[in-house]
Amino acid sequence: MRLHLGIVVTSLALASSSLAGASFAGTSSSTGVAADTVAVQRGEADELAWKRVNVNTSQNFRGLDAVSAGIAWVSGSAGGVWRTTDAGRTWRNVTPASNKKKPLEFRDVEAIDATNAQVLAIGAGRKSRILRTSDGGATWTKTFVNSEQDAFYDCMAMFDDGIHGLAMSDPVKGKFRIITTHDGGDSWSETKRKGMPKAKAGEFGFAASGTCVAAYGEQRAAFATGGSASRIFRSGNFGRTWRARKTTIPSSEAGGVFSIDFRDDRKGLAVGGDFLVPDEGKKMSARSNNGGWKWKKNGDLGGYRSAVAWLADSGRTAIAVGPSGSDVTTDAGKTWEGFDDDGFDAVQCIDGSCWASGANGVVARLVRR
């Protein structure tokens, strides 16, 4: 059995199923859009809340990329893509024209600015593909279409330079499959299988929030797994070769590590759980202080969490979100405090602001109550 958040695939059926002294929102230098400023000290999680913005759609937004306090992109379950350049006050529907008749499911979006972005569609075989725009979504170009029927791409990530990137698929013939780009997403190629350790039987990734893979430092990358094994694979050469590391997050048929994020080339956070048991957060967080080579148990979360993001201007503050609520840490994950019961699937923090997205077209920004 292969499980993806919201998707269970069997042979019979396919069913959808850091904040001490930190500011959370400021003025976007690229747009001039002013937003609320939120500074929270340890123990003040109850001062935080998510302020929803209107996108006017019922699509589920698991794809989210915040470029700045004013610019963000979201991608949806029925193939829609939206973009805002005014901190969420208005949204432009930039759905690819080719995707309106036979919608793909976009689970990840990676953007550089208001004009350049890529979206990843998930699914078996040719349903997994990547589209790219360089004109703000007016036109889209297919840059990758999966030709391997057994491959199922879960998530992608771009390095800060916007040139190098990678995407991860569930195992094919016993090994996870990686494709990389070195030209900003214009083209993608599969890495050699010999550089990838064997997957455990029943091990896979989660297409839950577009954050099961991370790119950090100059050449480092990592991806997370679940199912029969709860591991994080780490690469130091743009994804050419990998080594697998165990985590303390429990594995299960519908659980494991769902999301990873690195503050720099050493500090990493991982969150997860079992999406069939959304209120269980015990042992569902882990941290690394050496670039992903070793993972230690972190504090307990308020429930299963599908995404985690460091606050960009803090080395100890991060936000984790899931269907049962949100948590914040001010000590690099050693302890977490719940602060909002609204459910979200994805979270991104950038330029002192945090964005979240989820079911039924919801997008929100983090504010003080």
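With the bonded cysteines of the protein numbered in sequence order, the pairing reads 1-2, 3-4. The structure holds 2 disulfides, a disulfide being a pair of cysteine sulfur atoms within 2.5 Å. This is a predicted model, in which local features need pLDDT of at least 70 and side-chain atom pairs count only at pLDDT 80 or more, while totals for chains, interfaces and linings use all residues. Residues are numbered from 1 along each chain as its sequence is written, and side-chain values use heavy atoms, with hydrogens and water left out.

Cys155 lies in strand β15 (residues 153–158) and Cys212 in the loop between β19 (203–204) and β20 (213–216), so the pair ties together parts 57 residues apart in sequence. Strands here are DSSP runs of E, at least two residues, numbered from the N terminus. Cys155 is buried at 0% relative accessibility, where buried means under 20% relative accessible area with a 1.4 Å probe, protein chains only. Cys212 is likewise buried, at 0%.

The other disulfide joins Cys349 to Cys354, S to S 2.1 Å. Here the torsion is about 105°, so the disulfide is right-handed. Both Cys349 and Cys354 are buried.

Finally, is Thr181 buried or exposed? Thr181, in strand β17 (residues 175–181), is buried at 0% relative accessibility. A polar atom of the Thr181 side chain lies 2.8 Å from the backbone oxygen of Ser187.

Definitions and conventions. Helices (H or I, at least four residues) and strands (E, at least two) are DSSP runs, numbered from the N terminus. Buried means under 20% relative accessible area, exposed over 50%, partly exposed in between (1.4 Å probe, protein chains only). A polar contact is a pair of N or O atoms within 3.5 Å; within protein, one must be able to donate a hydrogen and the other to accept it, and residues adjacent in sequence count only if both atoms are side-chain atoms.
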